[in-house]
Amino acid sequence: MIIIKDLCKNYGDNSVLTDVNLSFEAGLVYGVVGPNGAGKTTLFKCIAGIIPYSGEITCMLDNLKNHMGFLATEPYFMSFITGREYLQLLCNARNIHVKNFDDSNIFDLPLDRYATNYSTGMKKKLALMGILLQKNQIFILDEPFNGVDVQSNLLITEIILTLKALHKTLIISSHILSTLTDVCDFFIVLKDGRIDSNVDLEAFKEIEKEMRKTEIGNKIEKLGLR
Ligand code: ADP
């Protein structure tokens with residue numbers, strides 16, 4: 001279980017996260033939604049321990065970082081490193097021995113090409129494959145469905161459901177609400193760095209209906225489409 005207590009994060013004078021209190025249990029999938037700039041990525045970076053923050057983030061496991069796989073929106077790769085070398089590096093970090101990466105290359109990635117030359121979707125799939133091979137307990141996936149083809153999206157959805165069945169903790173952000181509602185048990189709505197709501201699937205569907213009403217309103221009529 002991960003417990004977040006009174007989390008705050010500022011960038012200079014800009015308060016990005018304010019008084020965030022949350023808990024995440026194993027065997028459940030949590031969806032984090034909110035408009036651009038709401039603070040989703042910043043929240044993920046705080047949990048992943050990538051950036052400093054005030055407040056407390058604790059976990060039942062000895063050292064959260066050693067059990068967590070973080071998929072960034074735009075994964076970063078060092079120059080002149082092939083996909084295969086990248087996977088080897090991630091496995092080395094966890095002392096995991098994989099005989100042949102080709103056997104687990106479910107996304108058909110060109111593993112002997114430089115990762116920096118991969119397309120956006122391929123980079124995301126390589127980074128995801130890396131954290132899966134690490135056999136982490138906790139997965140933070142920032143926009144896992146973005147920029148990835150339909151076939152891979154189906155596969156990623158199944159991967160998420162399989163990890164849930166394996167009693168892992170999953171925290172996911174996405175703007176594709178229909179995909180999120182397919183996999184998530186709970187939904188955290190962030191607004192201006194604060195938790196606007198933290199609800200189950202049924203309650204989120206109501207919130208989604210309201211969102212549609214308020215966001216779309218009469219905007220289409222204003223276009224005067226004929
Ligand atoms: P989201 O993921 O919900 O779109 P972010 O967490 O990326 O939102 O950003 C939240 C706010 O924090 C935005 O106003 C963004 O401009 C600001 N922000 C994010 N990263 C930085 C940074 N490194 N320096 C300054 N401001 C940042």
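**Helix H1.** I began with helix H1 (residues 40–48), which is mostly covered, seven of its nine residues being buried, where buried means under 20% relative accessible area, exposed over 50% and partly exposed in between, with a 1.4 Å probe and protein chains only. The buried residues in H1 are Lys40, Thr42, Leu43, Phe44, Cys46, Ile47 and Ala48. After H1 comes glycine 49, for which I noted a positive phi, near 75 degrees. For the element names I kept to DSSP runs numbered from the N terminus, helices being H or I of at least four residues and strands E of at least two.

**Basis of the entries.** The model is predicted, so I kept in mind that local features need pLDDT of at least 70 and that side-chain atom pairs count only at pLDDT 80 or more, whereas totals for chains, interfaces and linings use all residues. Residues are numbered from 1 along each chain as its sequence is written, and side-chain values use heavy atoms, with hydrogens and water left out.

**Strand S3.** Next I looked up strand S3 (residues 29–33), where five of the five residues are buried, so the strand is largely enclosed by the rest of the structure. Both of its faces are covered, with Val29, Gly31 and Val33 on one side and Tyr30 and Val32 on the other. Which strands does S3 pair with? Taking two strands as paired if DSSP finds at least two bridges between them, I found four bridges to strand S7 (residues 169–173), running parallel, and four to strand S8 (residues 186–191), also parallel. Tyrosine 30 stands opposite isoleucine 171 in S7, while glycine 31 has phenylalanine 187 as its bridge partner in S8.

**Aromatic rings.** I then counted ring pairs, with rings of Phe, Tyr and Trp (its six-membered ring) pairing if their centres lie within 6.5 Å, and with planes under 30 degrees apart counted as stacked, over 60 as edge-to-face and the rest as tilted. By this rule there are five aromatic pairs. Tyrosine 30 is buried at 5% relative accessible area, whereas phenylalanine 186 is partly exposed at 30%. Phenylalanine 77 and tyrosine 86 form an edge-to-face pair, 4.7 Å centre to centre with 80 degrees between the planes; phenylalanine 77 is buried at 5% relative accessibility, and tyrosine 86 is buried at 14%. I also noted that Phe24, Tyr30 and Phe186 form one aromatic cluster.

Is lysine 125 buried or exposed? At 7% relative accessibility, lysine 125 counts as buried, and its place is in helix H3 (residues 120–133). Leaving aside residues up to four places away in sequence, lysine 125 touches Phe107, Leu109, Asp149 and Ser152, contact meaning heavy atoms within 4.5 Å. Serine 152 lies in helix H4 (residues 150–165) and is likewise buried, with a relative accessible area of 5%.
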